[in-house]
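Please look over the chain below before reading on.

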Amino acid sequence: MSDTALSIYVNQKDIFSHFQKDWTSAKDANDPNAPFCTLATVLQQRTHTNDDSNDISSITIPRTRTVTLREVDAEKGSIVLYINKESPKYAQLQQSTDDVGGSCGGAFEILTFWTSPAMIQYRLSGTSWSTLDQDTMKDRWRFKPKTSQLLDYYYIHHQAQSSVLNSSGGGREGFVKTMTNLTEEFANKDVPFQPVATGLILHVTEIEEWRGSVTNRLHERYLYKRKTTLESCKEKEDSPKWQKQVLVP
């Protein structure tokens with residue numbers, strides 16, 4: 001006997017507005033995790049199959065890091081992050097699948113987890129992204145914390161993000177000293193816009209919502225999948241439809 005999964009369809013705007021509401025509640029409750037999210041990307045590398053062969057294969061390695069969650073666009077179904085376009089995470093998103101024979105280039109997943117006022121986790125994933133135009137990013141730049149602006153300045157004029165701090169440069173102490181000097185230098189003036197600062201727009205096509213139960217561990221789990229572009233066009237909806245399913249916790 002076959003069993004058909006129970007599905008309903010909801011508007012994209014409603015799903016992302018729901019996410020925004022939970023995010024706002026976490027910020028209002030001063031959840032320390034509220035400003036942040038975890039961004040997962042895939043690093044693809046070529047490797048020889050063995051020492052005696054010229055055969056080359058590709059391996060995929062997951063990479064995660066904590067970043068600041070900047071914006072949620074309910075209309076477009078996207079998440080906005082500000083990143084350094086010379087950083088490893090940007091290179092991994094930009095990596096051409098043709099170069100390594102893989103199929104994960106551009107794939108991403110965002111994870112949020114809040115404990116106040118309730119335990120709530122979201123996983124938002126997709127395989128495509130774009131960037132804010134530079135004029136828009138310059139405007140957003142004015143609202144970045146000054147320390148973040150100075151870090152972008154440091155990446156260009158001193159050392160790249162994620163590079164190794166060598167002892168010849170004073171290591172961690174040398175880095176802190178340089179940042180202190182930059183803080184003093186720009187104490188009474190604006191930090192000029194740095195072209196490495198990029199607004200990353202992640203186009204989400206799948207969301208999993210998890211709402212924790214502290215009493216019996218019968219957590220609530222919901223899976224949302226965006227319908228294909230063709231299906232959405234046929235329906236001519238103002239807001240694209242997403243399939244909603246309930247998962248076993």
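Which exposed residues does the face of α6 turned away from its buried side carry? They are Arg172, Glu173, Lys177 and Glu184. Here exposed means over 50% relative accessible area, buried means under 20%, and partly exposed lies in between, with a 1.4 Å probe and protein chains only.

The model is a predicted one, in which local features need pLDDT of at least 70 and side-chain atom pairs count only at pLDDT 80 or more, while totals for chains, interfaces and linings use all residues. Residues are numbered from 1 along each chain as its sequence is written, and side-chain values use heavy atoms, with hydrogens and water left out.

Start with the helices. Helices (H or I, at least four residues) and strands (E, at least two) are DSSP runs, numbered from the N terminus. Helix α6 covers residues 171–185, and its 15 residues should span 21 Å at 1.5 Å a residue. The end C-alpha atoms of α6 are 21 Å apart, which agrees. The expected span is 1.5 Å times one less than the number of residues in the helix. Buried in α6 are Gly171, Gly174, Phe175, Met179 and Leu182. Seen down the axis, the buried residues of α6 fall within an arc of 135°, so they line one face of the helix. The arc is taken from the directions that run from the helix axis to the C-beta atoms. An α-helix has 3.6 residues a turn, so residues three or four places apart point the same way. Among what covers the buried residues of α6 is α5; contact here means heavy atoms within 4.5 Å.

Helix α5 (residues 146–157) holds Asp152. Is Asp152 buried or exposed? Asp152 is buried, at a relative accessible area of 5%. Leaving aside residues up to four places away in sequence, Asp152 touches Asn84, Trp141, Lys144, Gln194, Val196 and Ala197.

The buried residues of α1 are Gln12, Ile15, Phe16, Phe19, Asp22, Trp23 and Ala26. These residues cover an arc of only 115° around the axis, which puts them on the same side of α1. Lys21 and Asp28 are exposed on the other side of α1. Just after α1, Asn30 takes a positive phi of about 60°.

Next comes a sheet. Four strands form an open sheet in the order β4-β5-β9-β8, with antiparallel pairing. The edge strands are β4 and β8 (128–131), each of which pairs on one side only. Two strands pair if DSSP finds at least two bridges between them. From one strand to the next, the twist averages 30°. Antiparallel strands β4 and β5 are joined by 3 bridges, and Glu71 stands opposite Val80 in β5. Helix α4 (residues 134–141) packs on the sheet, where it touches β4, β5 and β9 (197–203). The direction of α4 makes about 110° with that of β9. For such angles, axes are lines fitted to C-alpha atoms, for helices over the stretch in contact, and angles run from 0 to 180 degrees between N-to-C directions.

The charged pairs remain. Side chains of opposite charge can pair when their charged atoms come close. A salt bridge is a side-chain nitrogen of Lys or Arg within 4 Å of a carboxyl oxygen of Asp or Glu. By this rule the structure has 9 salt bridges.

One of them joins the side chains of Lys13 and Glu75, at 3.1 Å from N to O. Lys13 lies in helix α1 (residues 12–28) and Glu75 in the loop between β4 (71–73) and β5 (78–84), so the pair ties together parts that are 62 residues apart in sequence. Lys13 is partly exposed at 39% relative accessible area, whereas Glu75 is exposed at 52%.

Another salt bridge pairs Arg123 with Glu208, with the closest N and O atoms 3.3 Å apart. This pair links distant parts of the chain, with Arg123 in strand β7 (residues 120–126) and Glu208 in strand β10 (residues 206–211), 85 residues apart. Arg123 is partly exposed, at 31% relative accessible area, and Glu208 counts as buried at 11%.
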